[in-house]
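Please open the model in your viewer and keep the selection panel at hand. The tour below moves from one selection to the next and says what is to be found at each stop.

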Amino acid sequence: MAAVPADVQIAPQTLAAFEAAKGFMPVDEGRALYAAAVEAAALGLPLLEVGTYCGRSTILLADAARAAGVTALTVDHHRGSEEQQPGWEYHDPSVVDAEVGRMDTLPTFRRTLHAAGLEDHVIALVGRSPQVAAVWGAPVGLVFVDGGHTDEHATADYEGWAPHLAEGGLLVIHDVFADPADGGQAPYRIYRRALESGAFTEISACRSLHVLRRTGPGI
C-alpha cells in the first residue's frame, strides 16, 4: 500500500493554523488527509467532509481546495457527537452555549477559518448529515467521513455520501481501528464494507486514516 507522497507539503502557515485549531487529528494523519485532498481536488470537484467540529481538518481541505480552484464543503450539526457530550471523555465545556445549555461548535469553527484566512473557500452545511445528503445532488471528488462513531451514524454517513463520490474520487475514513482495544469499531465496519463492495480500492493509510479510491459503481 502506498505511503503519503513525500512531495506533498503543507504550507507552513496552513500547518500552523491546523496545529493551533481545536480538534483531535494528529499531524501525521493531517498530512495524509492533505495529500488525499490535493489529489482529489485535481478532479475539479468539491471536497466534502462529514464531521466539522471546530474546523481543524477543514483547514487542510480548504487549503487544497483553494489551490485547485474548487470548494471545500463541511457538514455538521455542531451540537457535538456522542463522545463529546457532558460526562464523556472528549467533552469540552468551552464550546457549550451557556444560553441554551448545549454544545455549539459553530462559532469556534468560524473563528478557526477566519484565523486561517480560508473563509472564502469553505461552504459550511449546518445540519444532520443524512438530511443534507438526501437533498444533495452533485458529484464530489472527496468524501472524508469523520462524524459520529456509532454504527447508526457512521453507516448513515457512508450510505448518504458515498453515492455522491465521482469515479476516481477518494473516500477517506478516519478512526479505523481493526482492534477493538484501540477504538470504536463503527468506522472500521464501514471501511470493511467499502472494500468488500468492490466499488473501492485502498490506496494508502496513515495509522487510523485510510484512503480508498472509487474504482467501480455502488457502495
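For the first stop, a cut-off is needed: an angle between axes under 35 degrees counts as roughly parallel, one over 145 as roughly antiparallel, one from 65 to 115 as roughly perpendicular, and the rest as oblique. Bear in mind throughout that this is a predicted model.

Select α1 and α2 together. Their axes come within 11 Å and cross at roughly 130°, and α1 and α2 are therefore oblique to each other. The crossing in which α1 passes α2 is right-handed. To see what makes the contact, show the side chains of Leu15, Phe18 and Glu19 on α1 together with Val27, Gly30 and Arg31 on α2. Sorted by class, the residues of this contact of α1 with α2 are three nonpolar, one polar and two charged.

On the α1 side the contact is made by Thr14, Ala17, Phe18 and Glu19, and on the α3 side by Arg56, Ser57, Ile59, Leu60, Asp63 and Arg66. The contact of α1 with α3 has four nonpolar, two polar and four charged residues.

Now colour α3 by accessibility. How many of the 13 residues of α3 are buried? Ten of them are, and the helix is mostly covered; the buried residues include Arg56 and Asp63 as well as Ile59, Leu60 and Leu61. Just after α3, select glycine 69, whose phi is positive, at about 75°.

Return to α1 and pick glutamate 19, which is placed in that helix. If neighbours within four places in sequence are left aside, glutamate 19 is in contact with Val27 and Arg56.

Centre the view on leucine 209: not counting residues up to four places away in sequence, leucine 209 touches Met25, Glu29, Ala32, Leu33, Phe144, Val172, Ile173, His174 and Ser204.

Finish with two loop residues. Histidine 78, in the loop between β2 and β3, has a positive phi near 65° although the residue is not glycine, and histidine 78 is buried, with a relative accessible area of 2%. Aspartate 175, in the loop between β7 and α7, likewise has a positive phi near 65° in a residue other than glycine. Aspartate 175 counts as buried, at 19% relative accessibility, since the cut-off for that class is under 20%.

Note on methods:
Residues are numbered from 1 along each chain as its sequence is written. This is a predicted model: local features need pLDDT of at least 70, side-chain atom pairs count only at pLDDT 80 or more; totals for chains, interfaces and linings use all residues. Side-chain values use heavy atoms; hydrogens and water are left out. Contact means heavy atoms within 4.5 Å. Helices (H or I, at least four residues) and strands (E, at least two) are DSSP runs, numbered from the N terminus. Ala, Val, Leu, Ile, Met, Phe, Trp, Tyr, Cys and Pro count as nonpolar, Asp, Glu, Lys and Arg as charged, and the others, Gly among them, as polar. Buried means under 20% relative accessible area, exposed over 50%, partly exposed in between (1.4 Å probe, protein chains only). Axes are lines fitted to C-alpha atoms, for helices over the stretch in contact, and angles run from 0 to 180 degrees between N-to-C directions. A crossing is left-handed if the near helix is turned anticlockwise from the far one by less than a right angle, and right-handed if clockwise.
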